[in-house]
Amino acid sequence: MLALLMVAWPHLSSAIPLFNRQTGQNCMACHAGGQFPELTPYGRLFKMTGYTLGERTVPVSAMVLGSLSKVANTSKSDDPAADFAKNDRLIASTASLFVGGKITDNLGAFAQITHDPYAAQSDNGSFHGRTQADNMDLRWADRFIDEHRDLIVGLSLNNNPSVADPWNTAPAWMQYVPVPSPGSSQFIDGAAPYPGYAAGGNIAGLTGYAFWNRSLYAELGAYGSSRGALHVFSAGVAAADQTRLHGLNPYWRLAWNREWGAHSLMLGTGGMVARVYDDPLDTSDNSTLHRFQDWNIDAQYQYLLDPHAVTAQLVFAQQRHHLPGFLAGQASGFVNASGQPLAPSSSTDTTQLVRAKLSYVYQARYGGSLGLFSLTGNTDTANQSSGFDPATLTITSDPAAQAPSTRVSGNLSGNPGTRGWTVEAFWMPLQYLRVGAQYTGYARFNGAASNYDGFGRNARDNNSLFLYVWAAY
């Protein structure tokens with residue numbers, strides 16, 4: 001496996017080696033301590049100027065990730081082999097092909113195509129792979145500099161809200177190590193709550209942005225479904241899995257940036273309003289629309305002075321979800337312990353997420369980080385996937401029951417509350433190779449610290465070790 005990784009290929013736009021070849025710069029020029037994908041001030045300028053700095057080169061790179069995930073407790077399950085597939089086993093998790101770089105002096109691109117060998121699992125336990133479009137970003141940009149101003153302006157045609165953002169606190173970038181699909185990885189840091197927009201990716205949007213005197217950044221745009229010529233943005237994604245949006249849906253991003261010496265600081269906010277059809281295969285009835293209002297505030301601080309690189313990130317994100325009428329006020333299939341009906345489902349759900357991360361890299365070779373996450377929100381019986389069966393007044397996972405409950409990933413409370421932390425250590429023996437170990441611990445999961453699924457599973461049972469080798473070329 002390691003030999004394969006050494007000759008194979010990063011996952012994120014600003015980390016692909018073709019950009020290093022294009023600019024002639026070492027990874028440290030664009031990435032904090034060489035730690036992809038966290039950008040330095042120079043890396044952010046490279047991205048905002050449309051990936052056009054330097055000379056055209058072979059516009060292809062690739063990456064591969066090998067990993068091992070191990071969940072603390074796999075015993076409280078009807079079928080551990082299915083619930084924790086590939087647990088404690090080394091796997092080739094994912095691979096991506098990248099095409100991009102400078103096209104003209106003002107036009108550049110980044111396109112990622114990803115293969116997931118564990119995208120789907122059959123009833124007999126075998127896995128089936130899938131290849132699909134991932135993050136894509138086509139840009140036009142220009143820069144105007146004189147003694148009074150430094151202005152960058154640009155347009156981005158992309159398929160993922162915030163993928164054009166130059167800071168790693170953006171929803172598209174804060175989660176950086178690719179997440180393997182097998183069940184053994186369902187609790188690792190990358191699968192824990194992260195900021196995100198309800199519209200997700202594989203849609204189509206056009207945004208315009210400006211960066212004034214390396215201080216003020218503004219980006220405005222709108223997104224819709226990926227149709228017609230823009231269907232390439234969702235290539236490989238089954239029609240039933242695509243996001244279908246009603247009309248144009250606004251997106252915005254504002255940030256204040258200051259750089260002094262080895263320091264840089266950003267304070268920002270962003271958001272999106274999205275109208276998403278409940279059934280992507282039927283967009284004929286606007287009464288089936290889910291309406292989402294997402295907004296966040298974020299901050300990032302960096303200290304970059306060789307051999308030290310320090311990055312601190314903080315995000316607060318809120319999402320308000322207005323459900324379509326036919327899903328609001330619905331009776332639950334579960335009852336309480338006395339056999340009485342539960343409250344009907346809510347018409348609106350609201351969640352709040354706090355994510356923080358502090359990382360340090362020494363000599364662009366040795367690094368570590370500490371991350372904290374806390375998701376809170378209202379209780380809604382629609383979110384309840386475990387409870388008392390009305391026929392037996394027991395909590396049972398028997399599929400023949402009137403209201404069977406879900407083990408491991410089940411939610412007995414109907415509350416999304418999840419809280420925990422991640423500690424990571426990594427080593428970069430080569431410029432394009434990273435070896436890392438993450439341990440994620442949970443103090444709360446699906447609304448409870450203990451017995452969150454009704455079958456005695458506790459939040460700490462989900463604590464997970466994640467080992468990875470991440471290579472690019």
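Both Phe-211 and Tyr-217 are buried, where buried means under 20% relative accessible area, exposed means over 50%, and partly exposed lies in between (1.4 Å probe, protein chains only). The model is predicted: local features need pLDDT of at least 70, side-chain atom pairs count only at pLDDT 80 or more, and totals for chains, interfaces and linings use all residues. Residues are numbered from 1 along each chain as its sequence is written, and side-chain values use heavy atoms, with hydrogens and water left out.

The rings of Phe-211 and Tyr-217 have centres 6.2 Å apart and planes at 65°, so this pair is edge-to-face. Rings of Phe, Tyr and Trp (its six-membered ring) pair if their centres lie within 6.5 Å; planes under 30 degrees apart count as stacked, over 60 as edge-to-face, and the rest as tilted. The structure holds 18 aromatic pairs. Among them is Trp-167 with Tyr-217, again edge-to-face, at 5.5 Å centre to centre and 85° between the planes. Trp-167 lies in the loop between β5 and β6, and Tyr-217 lies in strand β7 (residues 216–224), so the pair ties together parts that are 50 residues apart in sequence. Helices (H or I, at least four residues) and strands (E, at least two) are DSSP runs, numbered from the N terminus. Both Trp-167 and Tyr-217 are buried. One aromatic cluster is formed by Phe-187, Phe-373, Tyr-442, Phe-445 and Tyr-452.

Charges also sit over rings, a term that requires NZ of Lys or CZ of Arg within 6 Å of the ring centre and within 35 degrees of the ring normal. Arg-355 lies over the face of Tyr-194, 3.6 Å from the ring centre. Over the ring of Phe-426 sits the charged end of Arg-434, 4.2 Å from the centre.

Tyr-194 is also touched by Gln-175, as is Gly-190, not counting residues up to four places away in sequence. Contact here means heavy atoms within 4.5 Å. Gln-175 lies in the loop between β5 (150–158) and β6 (204–212). A polar atom of the Gln-175 side chain lies 3.1 Å from the backbone oxygen of Val-177.

Side chains of opposite charge can pair when their charged atoms come close. A search of the whole structure finds 14 salt bridges, each a side-chain nitrogen of Lys or Arg within 4 Å of a carboxyl oxygen of Asp or Glu. One of them joins Lys-76 and Asp-461 (2.9 Å, N to O). This pair links distant parts of the chain, 385 residues apart. Lys-76 lies in the loop between β1 (60–71) and α5 (80–83), and Asp-461 in the loop between β15 (433–444) and β16 (464–472). Lys-76 is partly exposed, with a relative accessible area of 23%, whereas Asp-461 counts as buried at 7%.

Arg-139 forms a salt bridge with Asp-137, with the closest N and O atoms 2.7 Å apart. Both of these residues, Arg-139 and Asp-137, are buried. In the salt bridge between Arg-253 and Asp-165, the closest N and O atoms are 2.4 Å apart. Arg-253 lies in strand β8 (residues 249–260) and Asp-165 in the loop between β5 and β6, so the pair ties together parts that are 88 residues apart in sequence. Arg-253 is buried, at 3% relative accessible area. Asp-165 is buried as well, at 1%. Salt bridges that share partners join Asp-165, Arg-253 and Asp-298 into one network.

Key
A polar contact is a pair of N or O atoms within 3.5 Å; within protein, one must be able to donate a hydrogen and the other to accept it, and residues adjacent in sequence count only if both atoms are side-chain atoms.
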